[in-house]
Amino acid sequence: MQHNRPMLYKFKSKATGDLIMLEQHGSQLLRIMGKEPAAKGILLCADMPEALQAITQAIARQEALAREQQAAHGQEEVGEPAELITLRQRAVPFMDMLRRCMAQACDVVWGV
């Protein structure tokens with residue numbers, strides 16, 4: 001019997017507690033960082049500055065697009081209810097994890 005439970009990403013590091021994300025959100029962040037979404041993986045400490053920059057740029061693009069859409073539609077609500085939680089809100093805990101890992105020179109892994 002198959003259960004239709006959503007896949008989760010469980011990001012782990014020695015510097016922080018575990019960070020759990022739904023598959024679609026974890027995959028989105030991995031793609032933004034230039035990583036192919038996979039059940040197992042590692043983000044090396046050396047790659048974290050670039051990853052943080054890529055996430056920051058993606059957030060800026062999403063927020064600029066949202067402002068443009070809002071300006072085009074006046075003050076009407078734009079988007080589907082699922083879009084009420086922004087990339088920034090989803091990414092901030094992960095970005096914090098990366099900053100802490102960089103400070104302590106440790107990697108982030110998932111699926112292990």
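In the predicted model, the side chains of K10 and D18 form a salt bridge, with a distance of 3.6 Å from N to O. K10 is classed as partly exposed because its relative accessibility is 38%. D18 has a relative accessibility of 45% and therefore also counts as partly exposed. In general, side chains of opposite charge can pair when their charged atoms come close. The total for the model is three salt bridges.

Another of these pairs is formed by E63 and R88, whose closest N and O atoms are 2.6 Å apart. E63, at 25% relative accessibility, counts as partly exposed. R88 is likewise partly exposed, at 40% relative accessibility.

R100 and D96 form a salt bridge in which the closest N and O atoms are 3.7 Å apart. Both residues lie in helix α3, where they are four residues apart, or about one turn of the helix. The relative accessible area of R100 is 43%, so R100 counts as partly exposed. D96 falls into the partly exposed class with a relative accessibility of 36%.

The secondary structure consists of three helices and four strands. Along the sequence these elements follow the pattern β-β-α-β-α-α-β. The four strands form an open sheet with the order β2-β1-β4-β3, and the pairing is antiparallel. Strands β2 and β3 (41–43) are the edge strands, each pairing on one side only. Direction ignored, neighbouring strands of the sheet are turned by 25° against each other on average. Within the sheet, strand β1 (residues 8–12) pairs with strand β4 (residues 108–110) in the antiparallel sense, over two bridges. F11 stands opposite W110, a residue of β4.

Helix α1 (residues 23–32) lies across β1, β2 and β4, and runs at about 105° to β2. Helix α3 (residues 87–104) lies across β1, β2, β3 and β4, and its angle to β2 is about 145°.

On the surface, L8, I20 and L22 form a nonpolar patch, which together has about 280 Å² of accessible area. L22 is located in strand β2 (residues 19–22). With a relative accessibility of 39%, L22 counts as partly exposed. This value meets the requirement of over 30% relative accessible area for residues in a patch, so L22 can be included.

For the protein as a whole, the accessible surface comes to about 7600 Å², and carbon and sulfur atoms account for 52% of this area. Of the 112 residues, 29% are buried. Among contacts between residues at least 6 apart in sequence, 67% join residues that are at least 24 apart.

How values were computed
Residues numbered from 1 in each chain as written. Predicted model: local features only at pLDDT ≥ 70, side-chain atom pairs only at ≥ 80, totals over all residues. Heavy atoms only, no water. Patch = residues over 30% accessible without salt bridge, like charges linked within 9 Å, V, L, I, M, F, W, Y side chains within 5 Å. Areas by Shrake-Rupley, 256 points an atom, 1.4 Å probe, with all protein chains shown as cover. Salt bridge = Lys/Arg side-chain N within 4 Å of Asp/Glu carboxyl O. Buried < 20%, exposed > 50% of the residue type's maximum accessible area, 1.4 Å probe, protein only. Pairing = 2+ DSSP bridges. Axes fitted to C-alpha atoms, helices over the stretch in contact; angles between N-to-C directions. Contact = heavy atoms within 4.5 Å.
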